[in-house]
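Biologist: I am new to this structure and would like to go through its aromatic rings and one of its helices. Could you take me through them step by step?

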Amino acid sequence: MTPTAGPRTNWAGNITFGAPDFYRPASVGELRTVVARARQLRVLGTGHSFNDMADSPGAQVSLAGLPPEVEIDSAASLVRVAAGLSYASLAGQLDRHGFALRNLASLPHISVAGACATGTHGSGPANQNLSAAVTGLELVTADGDVVELSRGDAACPGAAVHLGALGAVTHLILELVPSFEVSQRVYEGLPLDVLDDHFAAIMASGYSVSMFTDWRAPRLTQLWIKSRTEDGPPAIETEPWFTAAPAPSTRHPVPGMPPETCTQQLGVPGPWFERLPHFKPEFTPSAGDELQTEYLLPAEHAVPAQHALRQVSERIAAALRICEIRMIAADELWLSPAYRQDSVAFHFTWLPDTAAVLPVVSLVERQLAPFGPRPHWGKIFSIPAADLHASYDRLPDFLDLARHYDPAGKFRNAYTARCLGR
C-alpha cells in the first residue's frame, strides 16, 4: 500500500498527529502487509482520545476501511465484529436479531475496538465497562501474523484493555444479552448535600444513572436516570429527600448545547441503543471544542471525593463545561480502571483551552490523590507512570505480554513510554 501524508488531528483538535505515514487498508491482508513492513506503527480509531495514545513516530493506520463484518452466533449469544465499526453501526443490527449489549457509552459514534482498548464505560453499579463484554479478539502482531485469543486463555484479561500496545486488533467477539427497552428521565436541581446520605440509592435508582454538575453552585444541574421499561419509573421520585424537579422538556447535559442532539427523554420507552447513549448517532455531539479528563475511584470514596472537589469548585468551574459522575462495576481486566473495584467516575468536559485546563487537571488530581484515582487511558491526565504501576498490580504482567507480542517495540510510542514506562 502507498501511504498518504498530511496533517491529521484527533476529534477534539487538541492533538496534531506527527506520524509521517498514514494507511487505511481495505482488507486484513493489506493490514498484515502494512504492519509487517512498518518500523513503528500505531492504530487510530475514531480519534476520540484526547492525548497522543494513537500517534506514532512511524506509521499510523486506520481500520475504518476493513470490511464491516458482523457475525451473530445466536445459539451462543455472541457476535464477531470488525474492530473499525462504531457502536452505532453495530447496535441496530444486534437489535434486529433480538440481541443487545449490556451497556453503551455516552457516544455511540466511537469505534468498538477503540472503546474496548481504553476501558471506556457507560454507567450503572451493576454494569461493567465495555471491554468486559470481550470474550475473544483477533490481532495482527508486529511480524504480521494473526493471533486469536479467547476468554479461556490466560492472556485474554490482559489483552482486552490493551492501549494499542499488543498489535492491531481486527475483530472482537462480544457477549450479548436479549434486547430490552429503556426509558429515560431527567431531573434538575438536586442539592449536593443530598448525596451525603443517598448517593448509593440514587445511583441504584435506574439501570444507568448519570449525575451532572457545573460546580458553580452546590447542586446537580441534571440527573439522568435510564430505567429498563419493565422496572417502571424510579422509586426515588416518592422519597421525601428527593427534591429534584422533572425536566419539562428534553435537555442537553452541557448548558447552551441543542437538546435535539440528545436521545429521547421524558420517560418515553425505546430500544436500548436509542436510550443508553446520551447522544444520537446522526448528530455530532459537539464541534469538538472541548477537552476531557476522567478519574475512577473505589466506589466507597464517592462522597468524600465529591467533598474534596467542592473545596476547589471555583477553580474547576472556571475551566469547565460540565462534570458527569457515574458508577461502574468491577471487572478482572488487568488495565481496566475498574479492575477489581466497584468504581465511581468523575468525568470533566473542559473548555478548549489547554493552557487554562492543565493546571486545573493537576489540581483535580491532587484533590483526588487520597482516594487512589485511576485515569481514563484516553483522556488528559498527568499521573506519572510510577503511580499507575502502584494502581495496577497486573501492569508488569501486561508489559510481559507486550514484550511477547511486540519484542522489538513496534507499537511503542511516546504515550506508552510516559504512561507505562515502556
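Modeller: A charge sits over a ring if NZ of Lys or CZ of Arg is within 6 Å of the ring centre and within 35 degrees of the ring normal. Please keep in mind that this is a predicted model.

Biologist: Which residue lies over the face of Phe180, and at what distance from the ring centre?

Modeller: Phe180 forms one aromatic cluster with Tyr207, Trp272 and Phe273. The residue over the face of Phe180 is Arg228, and its distance from the ring centre is 4.2 Å.

Biologist: Is the pair of Tyr187 and Phe242 stacked or edge-to-face?

Modeller: The count of aromatic pairs comes to 9. For the rings of Tyr187 and Phe242, the centres are 5.3 Å apart and the planes stand at 80°. Planes over 60 degrees apart count as edge-to-face, so the pair of Tyr187 and Phe242 is edge-to-face.

Biologist: How many residues apart in sequence are the parts that this pair ties together?

Modeller: Tyr187, which counts as buried at 1% relative accessibility, lies in strand β13 (residues 181-188). Phe242, which counts as buried at 7% relative accessibility, lies in the loop between β17 (222-228) and β18 (245-246). The pair therefore ties together parts whose separation in sequence is 55 residues.

Biologist: What covers the buried residues of α6?

Modeller: In helix α6 (residues 302-310), the buried residues are Ala302, Val303, Ala305, Gln306, Ala308 and Leu309. Their cover includes α5 (195-203), β20 (291-298), α7 (313-318), β22 (343-350) and α8 (354-368).

Notes: Residues are numbered from 1 along each chain as its sequence is written. This is a predicted model: local features need pLDDT of at least 70, side-chain atom pairs count only at pLDDT 80 or more; totals for chains, interfaces and linings use all residues. Side-chain values use heavy atoms; hydrogens and water are left out. Buried means under 20% relative accessible area, exposed over 50%, partly exposed in between (1.4 Å probe, protein chains only). Helices (H or I, at least four residues) and strands (E, at least two) are DSSP runs, numbered from the N terminus. Contact means heavy atoms within 4.5 Å. Rings of Phe, Tyr and Trp (its six-membered ring) pair if their centres lie within 6.5 Å; planes under 30 degrees apart count as stacked, over 60 as edge-to-face and the rest as tilted.
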